[in-house]
Amino acid sequence: MNQIMDEIKKGYLNEFDYNEFQILKKISDGSSEIENLEKIFENDNVIRFYGITKGIFTEHLKEIKDDFWPYKQRIATEIATGMKFIHAANIVHCDLNSKNIMHQDGKFMIIDFSSSMSLENQSKPTLKIAEENVAYVDPKFFNPTLKDIKYDKSSDIYSLGVIFWEISSGRPPFSDQPELKDTKNLKTLLTLKNRENPINLTPVDYKELYCDSWNPDPKKRPSIEDVIRRLNEIEFENVYQKTDYIPEISLGEAFGKTQSMSKDEACLLVTKGSSTQDLHIFLPPGKISLGRGNSNHVIIRDQEIAKEHASIIVSEQGVVEINELGTESGISINGEKLGFRTSRLLIRDDVISMGRSEFQYLPTGEYKSRIDIPLSIYNKDYFLKKLKDEFKNSKENERDLSLLFFDLDNFGKINKQYNHEVGDDVLKELTNFIKNKLVRSKDIFARYGGDEFTILLKDTNKMDAFKIAEKIRSSVEAHFHSFNYNKKKLSVTLSIGVSEMNSSVKTYDDLRLQADNASKKAKESWPQSNNHMG
């Protein structure tokens, strides 16, 4: 009683004279609520008295900037910490929603234990489901096919996941859908395992945490201890993106120092993905980890892969093995998905796909013989070798084969007007864009020399080759229209020649010459014609 009087004196509780009330109706003696509160170890994130109206949580969320993620992480952690003390006392809150979170004196507290229950004496919750809390309630209670269902700690975890989403969005769930104000409609939607969509630029670790927390299967939801651990391990660099993106690939600091200077070791050539470093990863003996987490040797900023996604083991004898670490999206090699938690030895030219990133495996000694090192695409010698091989294969098996040959319009002017360093950066931007956005895994994209490039299109007839060429031409023009180099606007267009296997093509060099000549004809019409293809 003395503690209550202290709270009244501090202004945290309002006092009313009993005689001021005219119509009295008993709703509860509060005995179960008080009994449950007494079991919870005193802490800063569970309030012991209800009735305070200061610091409305939902209003506070509206004031937080979308990208203020360290503060949002702190909010989520404080609420989860309060839930940890509640669960430690074997209490289930049962009615955790944003109206039962209070923001007071810079702290976030869980309030209102009127619907709580004790797991020790199996007391029954008194929760009434209404418009204000239905979106937070574990939907197993709305499913008429489920029998003998009870509130447990996983039900609170589900509600916590919804609150985490609300912290990321700044608004109550489904508040932008008027048709779901009808409690019955929302119950039906939730029973069908529907939830709000993730918010753009939310840290991937945070998004995965609240999605795991509201998993339809209660057994797959994390414990409150796991929730707090994962909140503390959030890496803000990896963000969820609704729009198309290219994954960023980099090397851990220590691993980067081990990279080969001779470039003779086996390596992974990055064929899909961007990097400020050279787009190849040499593989020294030992174990190499790959994933989106900062602790990996190879860090892939991609929301579609796990924090710890794969490992590569290189023996002293040079045998290279890749291991799938039990992830949802998995690993594909040459288009075939690797089994769950299985491994495979890598062989020459294996194409390894993880999320949106892609790598090609090159055995020891092959990097320098086939790669144009400044641009990290194939060189002329390798292109001519593959052109000869694919030409023979297509002729013998009557398969389509087409070739694109192109260069940059007015590239010499860029070098002259600015300098060769700018020209080199333009070529890097161009090849990185084409490689990531416009080239298929089976195609051979190579630098023929200077600003001349080729793309060998397997199993592609001339009509489809023209479509691919036009997509490349228009996409590059649009990309560089918005591209700025040190605040300088650079216009980059291509003249593309197309050739295909037909009766007039007797040798692989005929195929190359026809595409080269077509490219020259396209250039002759520039800039008078908008059609830069021949």
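Analyst: The chain holds 15 helices and 24 strands, where helices (H or I, at least four residues) and strands (E, at least two) are DSSP runs numbered from the N terminus. This is a predicted model, in which local features need pLDDT of at least 70 and side-chain atom pairs count only at pLDDT 80 or more, while totals for chains, interfaces and linings use all residues. Residues are numbered from 1 along each chain as its sequence is written, and side-chain values use heavy atoms, with hydrogens and water left out.

Of the 534 residues of the chain, 49% count as buried, that is, under 20% relative accessible area with a 1.4 Å probe, protein chains only. Among contacts (heavy atoms within 4.5 Å) with a separation of 6 or more, 62% join residues 24 or more positions apart.

As for the crossing itself, the axes of helix α11 (residues 380-397) and helix α15 (residues 508-524) come within 9 Å and cross at roughly 115°; such axes are lines fitted to C-alpha atoms, for helices over the stretch in contact, with angles running from 0 to 180 degrees between N-to-C directions. From α11, Leu 384, Leu 387, Lys 388 and Phe 391 take part in the contact, and they meet Tyr 508, Leu 511 and Arg 512 of α15. By class, the residues of this contact divide into five nonpolar, no polar and two charged, with Ala, Val, Leu, Ile, Met, Phe, Trp, Tyr, Cys and Pro counted as nonpolar, Asp, Glu, Lys and Arg as charged, and the others, Gly among them, as polar.

Notes:
Buried < 20%, exposed > 50% of the residue type's maximum accessible area, 1.4 Å probe, protein only.
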